[in-house]
Amino acid sequence: MDRVLIRQLKIETIIGIYEWEKQIHQTLLVDLDMAWDNKMAAATDDYQHALCYETVSNRLTALITQKPIELIETVAEMIANCLLTEFNVPWVKVTIMKPGAVPTAAAVGVEIERGHA
């Protein structure tokens, strides 16, 4: 299966379990691997057959910034569910990184895979 990739989508949102985190915006970096059959888009050079990474990016940013979230695990599940249901992506790998969450690490994160390739 072909894949459409988005790397280091930067989302500024309220994320965290501590009270001080609930008062500030923090950066999440999102990597996506989305199964998608690109044959028709490539053969026709027609945008309507492609998975639009701009539309996906805008939708996910809106989804994750609509309300405060405590866990990056929740963010990963929300993103996977959105892609599977709203965009009809058959399989997705979602990686969420939270830079600066642990002072001695560049970033911490989670990675999930959902759907069927």
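The model I consulted is a predicted one.

Entry on the geometry. I recalled that two packed helices are described by the angle between their axes and the distance between the axes. For helix α2, residues 53-65, and helix α3, residues 72-86, I found an angle of about 135° and axes 10 Å apart. I also looked up the handedness: α2 passes α3 in a right-handed crossing.

Entry on the contact. From α2, I listed V56, R59, L60, L63 and I64 as the residues that make the contact. From α3, I listed V75, M78, I79, C82, L83 and E86. Sorted by class, this contact of α2 with α3 holds 9 nonpolar and 2 charged residues, with no polar ones.

Entry on the whole chain. I noted 3 helices and 4 strands in the protein chain. Along the sequence, I read their pattern as β-β-α-α-α-β-β. I then looked up the extent of the chain: its C-alpha atoms fill a box of roughly 50 × 25 × 20 Å along the principal axes.

I looked up the largest pocket and found a volume of about 250 Å³. It is lined by 16 residues, of which G16, I17, E21, K98 and A101 are the closest to its centre. By class, I recorded 9 nonpolar, 3 polar and 4 charged residues in the lining of this largest pocket.

Terms used: Residues are numbered from 1 along each chain as its sequence is written. This is a predicted model: local features need pLDDT of at least 70, side-chain atom pairs count only at pLDDT 80 or more; totals for chains, interfaces and linings use all residues. Side-chain values use heavy atoms; hydrogens and water are left out. Axes are lines fitted to C-alpha atoms, for helices over the stretch in contact, and angles run from 0 to 180 degrees between N-to-C directions. Helices (H or I, at least four residues) and strands (E, at least two) are DSSP runs, numbered from the N terminus. A crossing is left-handed if the near helix is turned anticlockwise from the far one by less than a right angle, and right-handed if clockwise. Contact means heavy atoms within 4.5 Å. Ala, Val, Leu, Ile, Met, Phe, Trp, Tyr, Cys and Pro count as nonpolar, Asp, Glu, Lys and Arg as charged, and the others, Gly among them, as polar. On a 1 Å grid over the protein atoms alone, a cavity is a set of points where a 1.4 Å probe fits but cannot get out, and a pocket is an open set with protein on both sides within 12 Å along at least five of seven lines; lining residues have an atom within 4 Å of a point. Grid points are joined across faces, edges and corners, and a volume is the space filled by probe spheres set on the points.
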